[in-house]
Amino acid sequence: SSQPASAAMTLLEFFGCSLISFSPALIMFIFTVANNPLKIIILTCSAFFWLLSLLLSSIVWFAVVPLRKQLVFSMVVSILFQEAIRIAFYFFIKRAEEGLQKIALAEDASAEETSQQSMSDNATGGSGGGGSSGGGGGAAAASSAGGSEPLTDADQVTLTAGTGRPVKILHLHSLSYVCGLGFGFMAGAFSMVNLLADISGPGSVGLGGEHEGFLLVSSVLALMFVFLNICWTVVTFVCIEDRRLYFLAYVWGSHLLCSLLTLLNSSASPLLSLVPIMVSLTCALIGLLLSLHLVEANLAGFFTSLVSPAWMLRVCRR
Amino acid sequence: AARAQSEAVNQQQQQSEAEGEQPRVEDVDDEEEDADKLLLYGSKQIIRLFVPVSICMLFVVSIISTVSYYSSTQQYLPYTPFHDQTDDPGKIAWQSILNALIILGLVIVMTIVLIVLYKLRCYKVIQGWLYVTSVLILFFFSLIFFGVLLSTLNLAFDYITMAVCVWNFGLVGQVAIHWKGPLLLQQMYLIFISALMALVFIKFLPEWTTWVLLVLISIWDLVAVLCPKGPLRMLVETAQERNESLFPSLIYSTTAAYMSVGTAEQPQQQQQQQQQQQQDGNVSSDLDESGSHQQQHQAAAQVLNGGGGDGGEAGVSGGHDGDGPDAAGAGSNGLRVRNKAFHDESHGVKLGLGDFVFYSILVGRASSAGDWNTTLSCYFAILIGLSLTLLLLAIGRRALPALPISITFGVIFYFLTSLIVSPFVDALTAQQFFI
């Protein structure tokens, strides 16, 4: 179909709303995730898991026919499923890490069989059986072939003997951050993408007769939920890892609160929508402080870094 | 936005401080990366395939949603004779199943012809036919594509300029794909022709036939590659016996090193000849028709044969320890990962163009319904299927079909999302309830 000049106005609205909702997630993706392929895969995985939780909650909504109009019920069910999937994803990632490590060690073992055997004997010094010595030799071969910094004895012992903590593929904190980004992106996308497609059509303000702030409210709430998901995921993962389960109360409580407050969004007045937005913002800030506290970040340093460029921070640390 | 970014940056800085390293505004996982070189290499390969697959799908989805030519089905291919517009589910079912079986039969016939020809070493004819097929796509289909694109954008364009542009575009594509050229250019052209073929399929296939065809093709792919007597497996094994590589010009490759290795150059022409021979046999039947739409049908038929035949080809074995670099062949629907040489990044990953085409068909068909939630969920389902397939390849180290897992996930998620999830999400977003 031909595009008249008035399409420019709706395109402006389209880009405006999409950037309100997604530009923080996009920037975070570009600067922290895009250069690490493993993180991209985990991001895709976590987005898929959120999709699974949505699927489960839709099935429940679909199945419970009399309550289909009462969206409160399905919203609560959906929130429960989302949190359950978040926790399940933690255990999935743990299990996957072990599995992938086994693959990596097996690769090292097979590579080692064709390369120096003597090096492996020296390295392991009689610890473990053939498999573990293969792993150690493989690790040594990997470091020599790769030309990277040599593995310390501690690392070799870790890989070979199997005692102590295995080398992590990804640090838990960045893992939880990436997962939160994936969850948040999918949550925002599913609530915004059809809206954005409608916006880019011939006309947009107040699509079905709603107030003129409809699109803005939706975009801002999507933005809030992206950020909230990151905080919730970081808090959840660190809580389970450290077994401090009482912080999960924050996650569950704030999720229910922010989500159920959006029930105040009505087509009558945009002012009521300020309540969920402000409460979500507060929860997001609390979540940010909580996650920073849990990952043992330096709060003073964090707030300084907000206003200082990176080079200045490096200089300050010296 | 700045705060969120700095938060992430600062988190990493704190972690690196805790680990006693110099604080950097970089990834803190460098320590772990050294110990998990292989894992990172494997994930790099996955990403190197995510990007072109995503670009192809994005291209197809954006064209479907803006250019109305490709989302409307008025004419049909002669291979799908049953296309009544009816709402009767039983009739739709048997018609689409029959259509899909006809097309699948074509694919099977072509694959068998291909194998016979390959065994008889009729390489030159196949090479010539491969050239003709890509000429068809790069000139004829591209001309139509640019034409409808210009009419959608409401731009005026004269035939002379168009002739010059399409001539240059097509010729550079031919050179880049079949001969030498910058890797990026070759990859771009391969993505373009895959997307174009996917668009043609979406245009000419009836809706339910598309879904049944996708399922049948992935079952065929599974059977042909994994069964001991499967034709594609025999193809791969024959190629390995002769120490040749298969059809490198219809495979998306992430590195060019493969092409420049010595033994690859000669057999390349041979395999191209095989493909052309197989497609030649199918063209002779419909050379009598005339008219632009008929010609398009012909072209689509020929391309379909080409695409289907390539689509019917085998997956490729994973790295074979101790073999020569080109001993393991490559096929259109296969994957190839050099698992062994984690320090040798010159061997990249290869994915057949048939896989690109069918993934894009799935996502394009999902988006033609107009619901973007469905499109998004199909996209992620396909990506997850692709990573699972690559993971299995890393574990199994043998020829694997790339279609089954992704297509299964994609089809399941398409139907689940469009029937169950979308009404739920639409009800929520209409009232601005967020979950």
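## Basis of the model

Residues are numbered from 1 along each chain as its sequence is written, while chains are lettered from A and ligands numbered from 1 in the order in which they are written. In this predicted model, local features need pLDDT of at least 70, side-chain atom pairs count only at pLDDT 80 or more, and totals for chains, interfaces and linings use all residues, with side-chain values taken from heavy atoms and hydrogens and water left out.

## Confidence

The model has an ipTM of 0.78 and a pTM of 0.76.

Where pLDDT is low, the predicted coordinates should not be read in detail.

## Annotated segments of chain B

An unreviewed UniProt entry lists "transmembrane region" for residues 49–72, 92–117, 129–150, 156–177, 184–202, 376–396 and 402–425 of chain B. UniProt positions follow the numbering used here, feature names are shortened, and annotations may be inferred rather than shown by experiment.

Residues 376–396 of chain B are 100% helix and 0% strand, with 30 Å between the end C-alpha atoms. Residues 402–425 of chain B are 96% helix and 0% strand, and their end C-alpha atoms lie 31 Å apart. Helices (H or I, at least four residues) and strands (E, at least two) are DSSP runs, numbered from the N terminus.

## Salt bridges

Over all chains there are 3 salt bridges (a side-chain nitrogen of Lys or Arg within 4 Å of a carboxyl oxygen of Asp or Glu). In chain A, A:R86 pairs with A:E83 at 3.0 Å, N to O. Both belong to helix α3 (residues 71–113), 3 residues or about one turn apart, and both are buried (under 20% relative accessible area; exposed is over 50%, partly exposed in between, with a 1.4 Å probe and protein chains only).

A:K94 and A:E241 form a salt bridge at 3.3 Å, N to O. This pair links distant parts of the chain, helix α3 and helix α8 (residues 214–242) of chain A, 147 residues apart. A:E241 is partly exposed at 25%.

In chain B, the closest N and O atoms of B:R233 and B:E237 are 3.3 Å apart in a salt bridge. The two residues are 4 apart in helix α10 (residues 231–241), so about one helical turn separates them. B:R233 is partly exposed at 25% relative accessibility, and B:E237 is partly exposed at 32%.
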